[in-house]
Structures are given as structure tokens and as C-alpha cells.
Amino acid sequence: MDASLKGRVALVTGGASGLGRATALALAESGAHVVIADIDAAGSEETLSRVSAAGGSGEVLGLDVTQDESRRAVVADLFDRHGDTFDVLVNVAGIDRPGYITDIDLADYQRVQAVNCEGPIFLTSEFMKRVQHLPEGRTADVVHVVSLSAITSGSGAIAYNGSKAGFLNATRCIQRELREKATTLPDGSERPFPCRVQSVIPAAMDTPMMEQWGIPGHLMMPPSAVAEAIRTLLLLHPASFVPEMQIVPRLEPNFPR
């Protein structure tokens with residue numbers, strides 16, 4: 001086992017399936033204790049069993065990213081139990097509800113916005129309030145899983161594309177704010193804010209969410225490919241960060257653009 005993440009506790013949202021499950025497995029393989037968070041309890045337990053079978057360490061927590069009380073409770077609980085070792089947050093959870101402008105359902109649209117944009121932003125906010133007090137020499141990590149849909153437009157995808165575009169721009173705002181929160185030392189040098197936020201912008205992955213679109217499997221990536229990219233970002237030297245990493249299938253029909 002590669003122990004590069006040993007001693008770190010990582011909260012992975014959407015961990016019950018798809019990319020969330022693949023990410024939990026990848027981080028556990030590198031030594032992290034993974035917290036599998038989702039509203040799907042059975043799926044989360046299945047992810048945990050796979051983590052354990054591979055020799056990894058993990059736990060399951062129920063989390064509804066759309067509920068402020070749930071977000072606050074999970075973050076508080078993890079810091080109470082794990083302290084400053086809880087220093088990784090990977091926002092994976094996402095949903096899609098197709099709809100054209102002539103028939104889009106308001107409740108569906110609002111639900112997609114809540115899961116894909118509002119939820120991860122405010123979960124990151126709760127996490128930041130805690131890790132901002134980390135001592136010198138420590139760097140916490142947040143990785144936002146956005147989507148290539150944030151920078152493209154597609155028919156019947158108003159809710160999803162709009163939510164991901166909002167999430168991407170919010171991530172850019174957070175990155176700018178953290179740069180401005182660097183501490184100026186007496187000698188004029190700067191100490192970075194003790195957390196970095198990086199984003200992954202993947203194209204289509206072969207996950208349950210994509211089944212509704214009928215894309216042939218050979219035109220999509222396995223979620224493990226993107227999970228490996230997330231792990232790579234977490235292992236970067238703390239003096240650096242990747243604002244946005246685009247990752248696409250080699251047979252993606254509409255890329256490069």
C-alpha cells in the first residue's frame with residue numbers, strides 16, 4: 001500500500017457509488033482513513049466493504065449535502081473525533097435531472113442546484129472555518145469535482161450545466177479569496193492560508209448517473225481514472241496547487257474545442 005496519505009482523514013461526498021466510491025478506494029489505497037458520506041446508506045456500506053477488503057480504513061456517515069444542519073453536524077463530528085487529522089474534503093456528490101426550457105420542472109432544477117452547487121460550497125465553508133486554525137507547516141486540502149459541462153452547453157441539460165458552471169465560478173472565487181488570506185510576516189514574506197482548493201473538470205465517466213444519456217461505454221472514462229487524478233492533486237507539494245484540471249476520454253467526440 002502506498003502510504004502517502006497515511007495519517008490523514010478524508011471526507012468524500014457521494015461515496016455510495018460512481019466516482020465517489022472510486023475516490024474513496026483510491027484514497028484508502030494511499031493510506032487515508034476515508035469517510036464515506038452519502039444519503040444512500042446501503043451504497044455507502046458497500047463502498048466501505050470494498051475499502052476494507054482492499055486493506056483500507058474507513059467509516060460511513062449519513063450526509064445530505066443540501067441540508068445545512070447535516071453539513072454542520074458531519075463536519076463538527078469529524079473534527080471532534082479526529083481533530084486536525086481531518087484535513088481532506090473531496091466534494092464529489094452530484095445529480096442530474098434532464099429538462100428542456102419548455103418542460104423543465106422547477107423542483108428538479110432547484111434540487112440539482114442544491115446538490116451540485118449550494119451544497120458543496122457551504123460544506124467547504126464549514127470545513128474552512130475549522131482548518132483555518134491549522135499550525136504553520138500544515139496544509140489541508142479541498143478538491144471540487146466540477147464537470148466539463150461547466151464550460152459547455154447541451155440540450156436538455158439546463159439544470160446540470162448551470163449548476164456546474166456556478167460551482168466552477170464559485171471555486172475560482174474561493175481560490176482568489178484564499179490567496180488574499182495569506183499572512184504577511186515581519187520580514188515581508190507571505191505564509192499561505194493553511195488550505196488549498198483545487199478542481200477537477202472531468203468529461204463523461206461510466207457511472208450510474210450517465211446511464212440516462214445512453215453514451216456508449218467506450219466513449220467514457222472509468223471513474224477510477226478521475227479518482228487517480230484526485231489523488232494526484234492531494235499528493236502535490238504544498239507550495240503548489242492546480243486551479244483547474246480538465247480530464248477527458250481520448251475518444252471524447254467534442255474535445256478539444
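Two strands are taken to pair if DSSP finds at least two bridges between them. Strands (E, at least two residues) and helices (H or I, at least four) are DSSP runs numbered from the N terminus. The model is predicted: local features need pLDDT of at least 70, side-chain atom pairs count only at pLDDT 80 or more, and totals for chains, interfaces and linings use all residues. Residues are numbered from 1 along each chain as its sequence is written, and side-chain values use heavy atoms, with hydrogens and water left out.

**View A. Strands β5 and β8 pair in the parallel sense.** Six bridges link β5 (residues 140-145) to β8 (residues 195-202). Asp141 has Arg196 of β8 as its bridge partner.

**View B. Seven strands form an open sheet with parallel pairing.** The strand order is β3-β2-β1-β4-β5-β8-β9. At the edges lie β3 (57-62) and β9 (245-247), each of which pairs on one side only. On average, neighbouring strands of this sheet are turned by 20° against each other, direction ignored.

**View C. Helices α2 and α6 lie across strands of the sheet.** Axes are lines fitted to C-alpha atoms, for helices over the stretch in contact, and angles run from 0 to 180 degrees between N-to-C directions. Contact means heavy atoms within 4.5 Å. Helix α2 (residues 41-53) lies across β2 (33-38) and β3, and runs at about 175° to β3. Helix α6 (residues 223-234) lies across β4 (86-91), β5, β8 and β9, at about 160° to β8.

**View D. Ser44 is a buried residue of helix α2.** Its relative accessibility is 1%, so Ser44 counts as buried (under 20% relative accessible area; exposed is over 50%, partly exposed in between; 1.4 Å probe, protein chains only). Leaving aside residues up to four places away in sequence, Ser44 touches Ala16, Ile36, Asp38 and Val60.

**View E. The protein chain comprises six helices and nine strands.** Its radius of gyration is 18 Å, close to the 18 Å that the globule rule gives for 257 residues, so the chain is as compact as a globular protein of that length. This radius is taken over C-alpha atoms, and the rule is 2.2 Å times the number of residues to the power 0.38. The C-alpha trace spans about 60 × 45 × 40 Å along its principal axes. Of the 257 residues, 49% count as buried. Among contacts between residues at least 6 apart in sequence, 71% join residues at least 24 apart.
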